[in-house]
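Dear colleague,

Please find below the structure that I am handing over to you. My findings follow it.

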Amino acid sequence: MNREKLNLTSEQGRDIVNGEDSNFVIIEDRIVGTRRWSVVYEIVVQRKSDGKYFKDGYRRGATESQDESPYEWSEPNFTEVFPVTKTYVDYE
């Protein structure tokens with residue numbers, strides 16, 4: 001399956017992650033891990049023009065002392081994804 005990749009600058013990636021790009025809607029933005037000085041996130045966005053979904057990971061500084069913004073040290077790598085419904089068993 002050939003998945004579309006978005007060719008974006010770091011600034012464009014930050015705009016999407018911060019909700020400042022009106023061409024995309026944030027569907028999910030969740031913490032997936034931590035590092036010593038930063039928190040690792042995974043984000044899924046939907047492009048308004050065609051309804052396609054894209055996913056990428058980024059990091060933010062863990063505290064106000066660690067001033068790290070998304071894509072400060074890496075380039076955005078938004079790759080097309082497809083929504084899939086999954087069923088799982090949970091025990092309560």
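At 25% relative accessibility, E4 counts as partly exposed, where buried means under 20% relative accessible area, exposed over 50%, and partly exposed in between (1.4 Å probe, protein chains only). The model is predicted, so local features need pLDDT of at least 70 and side-chain atom pairs count only at pLDDT 80 or more, whereas totals for chains, interfaces and linings use all residues. Residues are numbered from 1 along each chain as its sequence is written, and side-chain values use heavy atoms, with hydrogens and water left out.

E4 forms a salt bridge (a side-chain nitrogen of Lys or Arg within 4 Å of a carboxyl oxygen of Asp or Glu) with R47, the closest N and O atoms being 3.1 Å apart. This pair links distant parts of the chain, 43 residues apart: E4 in the segment before α1 and R47 in strand β2. Helices (H or I, at least four residues) and strands (E, at least two) are DSSP runs, numbered from the N terminus. R47 is buried, with a relative accessible area of 15%.

E4 also meets K52 in a salt bridge (3.1 Å, N to O). K52 lies in the loop between β2 and β3, so this pair ties together parts that are 48 residues apart in sequence. E4, R47, D50 and K52 are linked in a network of salt bridges.

In the strands, β1 (residues 24-34) and β2 (residues 38-47) run antiparallel and are joined by nine bridges; two strands pair if DSSP finds at least two bridges between them. F24 stands opposite R47.

Yours sincerely
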